[in-house]
Amino acid sequence: MQVRRGGSGRGAEPGTGLRPPPRAPQPPLTPGGTSRRAFLGALGALAAGSTLAGCDLLKGGGDPPAPHPLTGFVSSTIGLAALYDATFAAHPDLTAALSPVRDAHRQHVDALVRAVGGSLSTSAPPVPNVAGPPAQAVAALAAAERKGRDDAVAACLANVARLAPLLGSIAAARASHLEVLV
Amino acid sequence: MSAASALAAAMMAEHEAIFGYGVVGAHLDRAGQDTARAAEAAHRVRRDAVAVRLAASSTPPPAARPAYALPFDVTNRDSALRLAIALEEHTAQAWRRALAETAGEDRRLAVEALMEAAAQATRWRRTAGVRPSTVPFPGAPA
């Protein structure tokens with residue numbers, strides 16, 4: 001299955017305050033903004049890939065290429081965004097406060113896909129069940145963010161230096177999401 | 001940039017944050033001062049941890065300057081909170097840069113510092129009423 005980077009303009013990341021220090025050499029994978037279209041494009045490519053998977057079986061011969069080390073991490077990041085979507089559908093009152101957090105997860109997916117070269121194998125996450133009172137839904141989001149933060153730290157430590165700033169930023173974003181949720 | 005120079009740069013950012021919080025605290029109420037004190041203490045712990053890492057690589061730790069130029073005048077609660085947010089963003093940027101230059105325990109120190117700075121920046125944004133209180137890529141160049 002192929003996930004392709006959806007086309008999107010590179011939006012400026014919001015920032016405030018202190019004068020920026022002299023710029024270090026820009027890493028090639030500095031993330032930019034994303035759009036809902038880009039995110040859905042990645043999901044759409046996932047869905048298309050699931051039908052193409054059968055074709056691969058018919059080709060025969062040769063071992064399948066080793067999955068990219070970030071495959072599982074990208075899938076779980078897509079899952080985090082999906083968890084927020086499902087939560088908003090069940091609890092619309094949470095949407096206003098938490099949509100920036102959901103959008104951050106989408107931007108992380110976009111940046112990750114871009115960082116690994118725009119192509120990786122992954123699987124679509126199951127639709128989460130978010131029935132229950134809002135407080136319970138928020139607690140479930142916090143638990144998912146906490147696990148996601150720890151996964152991002154592990155990925156940051158395990159991956160090549162080129163990917164470490166992006167993965168570290170994702171870990172830090174998830175740590176900051178917990179401040180909003182608890 | 002080597003691991004040692006990236007860590008030294010992050011340590012200088014920690015020096016600046018420690019200095020800056022001395023200014024921030026003076027303009028906040030009791031609760032704000034408590035938060036500022038806790039944040040400053042966290043930066044001191046981080047600074048000392050970097051000094052230990054640098055010593056392990058025989059790199060002299062950069063000394064703090066007696067004073068630092070503030071990016072804007074701090075005269076009241078609003079500007080103090082803006083400075084607090086800026087201090088955390090500044091340290092987050094230094095630690096994010098260090099991630100690409102480090103490995104192992106040095107990188108762990110860097111990612112933990114980046115997470116703490118991002119979380120503290122969000123706490124300050126919430127205190128200041130800045131929305132959204134999170135940014136998608138903490139530490140990324142503005």
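Predicted model: local features only at pLDDT ≥ 70, side-chain atom pairs only at ≥ 80, totals over all residues.
Reader: What percentage of the residues in chain A is buried?
Author: Chain A has 182 residues. A residue goes into the buried class if its relative accessible area is under 20%. On that cut-off, the buried part of chain A is 46%.

Reader: What share of the contacts in chain A with a separation of 6 or more comes from residues 24 or more positions apart?
Author: Contact here means heavy atoms within 4.5 Å. Among the contacts in chain A with a separation of 6 or more, residues 24 or more positions apart account for 83%.

Reader: How much area do chain A and chain B bury between them?
Author: The contact draws 40 residues from chain A and 33 residues from chain B. Carbon and sulfur atoms hold 66% of the buried area. The total, summed over both chains, is about 3,200 Å².

Reader: Which side chains meet in a salt bridge between chain A and chain B?
Author: The count between the two chains is 1 salt bridge.

Reader: Which element gives the largest share of the side of chain A that touches chain B?
Author: Across the interface, 6 residue pairs are in polar contact. On the side of chain A that touches chain B, the elements giving two or more residues are α3 (95-115), α4 (134-158) and α5 (164-181). The largest share, 13 residues, comes from α5(A).

Reader: How many residues on the side of chain A that touches chain B are nonpolar?
Author: That side of chain A includes 11 polar and 5 charged residues. The number of nonpolar residues there is 24.

Reader: Is A:Thr87 buried or exposed?
Author: A:Thr87 lies in helix α2 (residues 71-90) of chain A. Its side chain reaches the backbone oxygen of A:Leu83 at 2.7 Å. Beyond four places in sequence, A:Thr87 touches A:Leu94, A:Val130, A:Ala137 and A:Leu141. Because its relative accessible area is 0%, A:Thr87 is buried.

Reader: Why does A:Val116 count as buried?
Author: A:Val116 is found in the loop between α3 and α4 of chain A. Leaving aside neighbours within four places in sequence, A:Val116 is in contact with A:His68 and A:Leu70. The cut-off for buried is under 20% relative accessible area. A:Val116 counts as buried because its relative accessibility is 13%.

Reader: What distance separates the C-alpha atoms of A:Val116 and A:Leu80?
Author: A:Val116 and A:Leu80 are 36 residues apart along the chain. Their C-alpha atoms are separated by 19 Å.

Reader: What is the relative accessible area of B:Glu40?
Author: B:Glu40 lies in helix α2 (residues 30-56) of chain B. With neighbours within four places in sequence left aside, its contacts are B:Ile18, B:Tyr21 and B:Gly22. B:Glu40 is classed as buried because its relative accessible area is 16%.

Conventions: Residues numbered from 1 in each chain as written. Chains lettered and ligands numbered in written order. Heavy atoms only, no water. Buried area = accessible area lost by both parts, 1.4 Å probe. Salt bridge = Lys/Arg side-chain N within 4 Å of Asp/Glu carboxyl O. Polar contact = N/O pair within 3.5 Å; in protein donor to acceptor, adjacent residues only side chain to side chain. Helix = DSSP H or I, 4+ residues; strand = E, 2+ residues; numbered from the N terminus. Nonpolar A, V, L, I, M, F, W, Y, C, P; charged D, E, K, R; others polar. Buried < 20%, exposed > 50% of the residue type's maximum accessible area, 1.4 Å probe, protein only.
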